[in-house]
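Subject: Structure for you to look at

Dear colleague,

Here is the structure I said I would pass on. My notes on what was found in it follow below.

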There are 2 protein chains.
Amino acid sequence: MNPRSFPCQLISWDEAYQLSRMLARAIKSSSFRPDLVIAIGRGGFVPARIVCDFLLHSLLTSIKIEHWDIAACKRPEAAVRFPLAVDVQDQSILIIDDVTDTGDTLRAALNYVKSLEAGETKTGVMQHKTTSSVVPDFYADVIMDWRWIIYPWAAHEDLVGFTEKVLSVELATREQIRARLKEQYTLVLDENCLTEVLDDLMEMKKAEKIQEKYRKI
Amino acid sequence: MNPRSFPCQLISWDEAYQLSRMLARAIKSSSFRPDLVIAIGRGGFVPARIVCDFLLHSLLTSIKIEHWDIAACKRPEAAVRFPLAVDVQDQSILIIDDVTDTGDTLRAALNYVKSLEAGETKTGVMQHKTTSSVVPDFYADVIMDWRWIIYPWAAHEDLVGFTEKVLSVELATREQIRARLKEQYTLVLDENCLTEVLDDLMEMKKAEKIQEKYRKI
């Protein structure tokens with residue numbers, strides 16, 4: 001995959017809600033009833049909360065998985081950054097994330113929870129990409145044509161990241177930025193959204209070169 | 001307050017997103033930059049995730065506060081059910097919840113975090129009710145006329161709870177249930193939503209008396 005150009009898809013709040021509801025229905029249709037739901041941070045926070053709503057389930061906690069660049073490794077290694085603060089021994093566990101991509105995050109979470117001698121442990125995501133090395137027990141949607149999914153709770157951060165990438169080559173006007181985002185990442189940004197993204201890039205002092213330009217145009 | 005009748009307000013995903021964005025802007029406008037964001041479970045999971053998006057902040061974790069009925073106490077006592085699993089000593093902390101009602105949850109979370117010798121600790125909610133005994137450092141909206149706010153991530157559970165209440169008196173048809181929800185809780189449910197709620201109540205075997213009735217109508 002060329003990191004400078006790949007297809008993206010923006011998901012709306014209503015779409016994310018429907019996907020989370022479908023995930024919850026899949027879990028409800030099974031015989032599995034978790035003692036504890038664990039959201040993988042940060043992507044699993046919203047779907048896990050929605051799943052708990054539809055399961056009428058109160059016990060929700062979180063772990064944070066991070067990806068570290070390890071020298072000589074082909075890809076970053078997923079590891080637990082914030083562990084669990086509750087005893088899960090012999091408890092049935094439902095781990096929730098937004099999406100499987102490589103599958104590394106879900107695998108790290110599963111291995112971690114199993115290392116704590118949890119009971120039956122199952123995983124659920126809204127969207128399962130067939131590129132993933134792990135197949136979750138529950139999912140609402142399968143993605144066969146790989147694309148980067150931008151969920152509404154990560155939209156600002158993702159758009160800042162992509163805009164930073166299209167800006168890294170040379171000076172650009174607002175129109176050029178919009179054109180590149182569309183060409184390289186199939187992203188169409190409205191004016192307010194672009195302003196907020198550029199404001200943040202400016203604040204981060206990573207876009208100093210456009211400081212004068214984009215205000216004028 | 002009469003527990004059998006009070007005004008409710010359903011908040012849409014778009015409204016909740018806007019409120020969370022406004023909360024994030026209030027935080028960004030201040031000089032406060034947290035080392036760690038803590039979502040209070042379960043209500044704070046979604047707003048905390050959105051706030052992290054707009055702050056471009058990666059370090060998000062959660063605690064769970066529960067309310068316990070203590071004999072001889074006028075109201076339930078808020079206590080930490082799932083503690084933190086990370087060291088917060090001398091770290092600046094931002095605690096996020098959806099709403100302040102009595103303020104007990106936020107107070108319990110603050111006292112807990114302070115007991116761990118955290119550094120500067122601030123609190124933020126989407127909506128601050130003036131009934132709260134704690135005023136958060138950041139909020140997007142003030143509610144002066146008390147009402148129960150139903151956030152989209154808690155809608156199913158809240159509606160199941162309210163429907164259970166209006167069903168507890170006597171047998172009722174779908175139309176009677178809808179009329180009572182409107183009269184007692186200012187709630188207007190569509191047919192699909194009511195079906196899902198009643199299905200869950202049936203499954204919970206708390207609504208056995210309506211089992212025959214509502215299927216027919």
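In chain A, helix α5(A) touches helix α6(A) through R174(A), E175(A), I177(A) and R178(A), and these residues meet E191(A), L194(A), T195(A) and L198(A) in α6(A). By class, the residues of this contact are three nonpolar, one polar and four charged. Please keep in mind that this is a predicted model.

How do the two helices lie relative to each other? The axes of α5 (residues 174-185) and α6 (residues 191-203) of chain A come within 12 Å and cross at roughly 100 degrees. Angles from 65 to 115 degrees count as roughly perpendicular, so α5(A) and α6(A) are roughly perpendicular to each other.

The loop between α5 and α6 of chain A holds T186(A). This residue is not a glycine, yet T186(A) has a positive phi of about 50 degrees. For background, most residues other than glycine have a negative phi, and most peptide bonds are trans.

R42(A) sits in the loop between β2 (36-41) and α2 (45-55) of chain A. R42(B) is placed in the loop between β2 and α2 of chain B.

Now to the interface. The contact takes 44 residues from chain A and 44 residues from chain B. Together the chains bury about 3,900 Å² between them, and 60% of that area is on carbon and sulfur atoms.

As for polar interactions, 21 residue pairs are in polar contact between chain B and chain A, counting pairs with both residues at pLDDT 80 or more. On the side of chain B that touches chain A, the elements giving two or more residues are α1 (13-29), β2 (36-41), α2 (45-55), β3 (60-68), β4 (77-82), α4 (155-167) and α6 (191-203) of chain B. Which of them gives the most? That is α2(B), with seven residues. By class, this side of chain B has 23 nonpolar, six polar and 15 charged residues.

How many salt bridges are there? Over all chains the count comes to 24, and between chain B and chain A the count is eight. One salt bridge pairs E196(A) with R25(B), where the closest N and O atoms are 3.2 Å apart. Another is formed by E203(B) with R33(A), and here the closest N and O atoms are 3.9 Å apart. This pair crosses between chains, from helix α6 of chain B, which holds E203(B), to the loop between α1 (13-29) and β2 of chain A, which holds R33(A).

Regards

Terms used:
Residues numbered from 1 in each chain as written. Chains lettered and ligands numbered in written order. Predicted model: local features only at pLDDT ≥ 70, side-chain atom pairs only at ≥ 80, totals over all residues. Heavy atoms only, no water. Axes fitted to C-alpha atoms, helices over the stretch in contact; angles between N-to-C directions. Helix = DSSP H or I, 4+ residues; strand = E, 2+ residues; numbered from the N terminus. Parallel < 35°, antiparallel > 145°, perpendicular 65-115°, else oblique. Contact = heavy atoms within 4.5 Å. Nonpolar A, V, L, I, M, F, W, Y, C, P; charged D, E, K, R; others polar. Buried area = accessible area lost by both parts, 1.4 Å probe. Salt bridge = Lys/Arg side-chain N within 4 Å of Asp/Glu carboxyl O. Polar contact = N/O pair within 3.5 Å; in protein donor to acceptor, adjacent residues only side chain to side chain.
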